[in-house]
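Let's take a friendly walk through this model together. Keep the viewer open as you read.

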Amino acid sequence: MGFLGWLFSVPSRHYRDMRRYEKGGIGARVFSIIISMLFIGAALGLEYWFFSSLMTGGSLGGGIAKVVALIFIGIFFVATFIAALEFCGVYAFTAFAMATLGLVYSAQKKKAILEKNQKKIENLEAELETTPSLKYKKLDIFVGIFQILLALGLFAGVIAVAVLTI
């Protein structure tokens with residue numbers, strides 16, 4: 001039962017990835033995009049291998065060996081397809097959460113400065129510029145949108161590979 005709980009619980013499986021993204025800088029954000037693209041490439045490659053082996057008569061030894069090999073290739077394709085979608089979803093969610101957190105944090109800091117310095121309006125601009133905030137809000141928004149586009153591209157790629165190889 002513990003395995004099934006782990007299998008169907010996205011936060012427990014991706015806790016370290018999400019924390020690494022939150023604490024990391026630009027490298028973690030770029031790494032998330034690269035990992036997602038590698039999963040998508042693996043899924044599309046396995047699908048192409050599956051369909052090209054299915055359409056070629058003597059591939060994979062033929063007979064029962066071909067059927068067994070196609071079953072395993074199909075299982076690996078489905079697993080990498082789901083993993084790619086999951087990684088895109090997890091990183092998109094984490095990126096949007098970090099961007100939202102950064103926006104809320106900046107707004108709270110500005111509000112605190114306004115309340116603190118109601119009498120000193122002329123010094124407000126200088127203090128707003130020195131207010132610390134989460135750095136990567138724009139990059140997080142880009143990563144979130146890009147991950148969603150990668151997930152949609154995966155669906156389009158799967159359909160395109162199926163149509164082009166059959």
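How do the axes of helix 2 and helix 3 cross? The axes of helix 2 (residues 10-23) and helix 3 (residues 26-55) cross at roughly 135° and come within 7 Å. Axes here are lines fitted to C-alpha atoms, for helices over the stretch in contact, and angles run from 0 to 180 degrees between N-to-C directions. The two helices are therefore oblique to each other; angles under 35 degrees count as roughly parallel, over 145 as roughly antiparallel, 65 to 115 as roughly perpendicular and the rest as oblique. At their contact (heavy atoms within 4.5 Å), Arg-20, Tyr-21 and Glu-22 of helix 2 meet Ala-28, Arg-29 and Ser-32 of helix 3. By class, this contact has 2 nonpolar, 1 polar and 3 charged residues, where Ala, Val, Leu, Ile, Met, Phe, Trp, Tyr, Cys and Pro count as nonpolar, Asp, Glu, Lys and Arg as charged, and the others, Gly among them, as polar.

Before going on, a word on the source: this is a predicted model, in which local features need pLDDT of at least 70 and side-chain atom pairs count only at pLDDT 80 or more, while totals for chains, interfaces and linings use all residues. Residues are numbered from 1 along each chain as its sequence is written, and side-chain values use heavy atoms, with hydrogens and water left out.

Helix 3 also packs against helix 6, at an angle of about 5° and with the axes 10 Å apart. That makes helix 3 roughly parallel to helix 6. The residues of this contact divide into 18 nonpolar, 5 polar and 3 charged.

Now look at Lys-137, which lies in helix 6 (residues 137-165). Lys-137 is buried yet has no salt bridge, and the nearest side chain of opposite charge, Asp-140, is 9.3 Å away. Buried means under 20% relative accessible area, exposed over 50%, and partly exposed in between (1.4 Å probe, protein chains only); a salt bridge is a side-chain nitrogen of Lys or Arg within 4 Å of a carboxyl oxygen of Asp or Glu. For charge, Lys and Arg count as positive and Asp and Glu as negative, with His and the chain ends not counted. Leaving out residues up to four places away in sequence, Lys-137 touches Ala-99, Gly-102, Leu-103 and Ser-106.

One of these, Gly-102, lies in helix 4 (residues 63-116) and is buried, with a relative accessible area of 0%. Gly-102 and Lys-138 are 36 residues apart in sequence and 9.6 Å apart in space, C-alpha to C-alpha.

Finally, step back to the whole protein, with its 6 helices and 0 strands; helices (H or I, at least four residues) and strands (E, at least two) are DSSP runs, numbered from the N terminus. Of its 166 residues, 34% count as buried.
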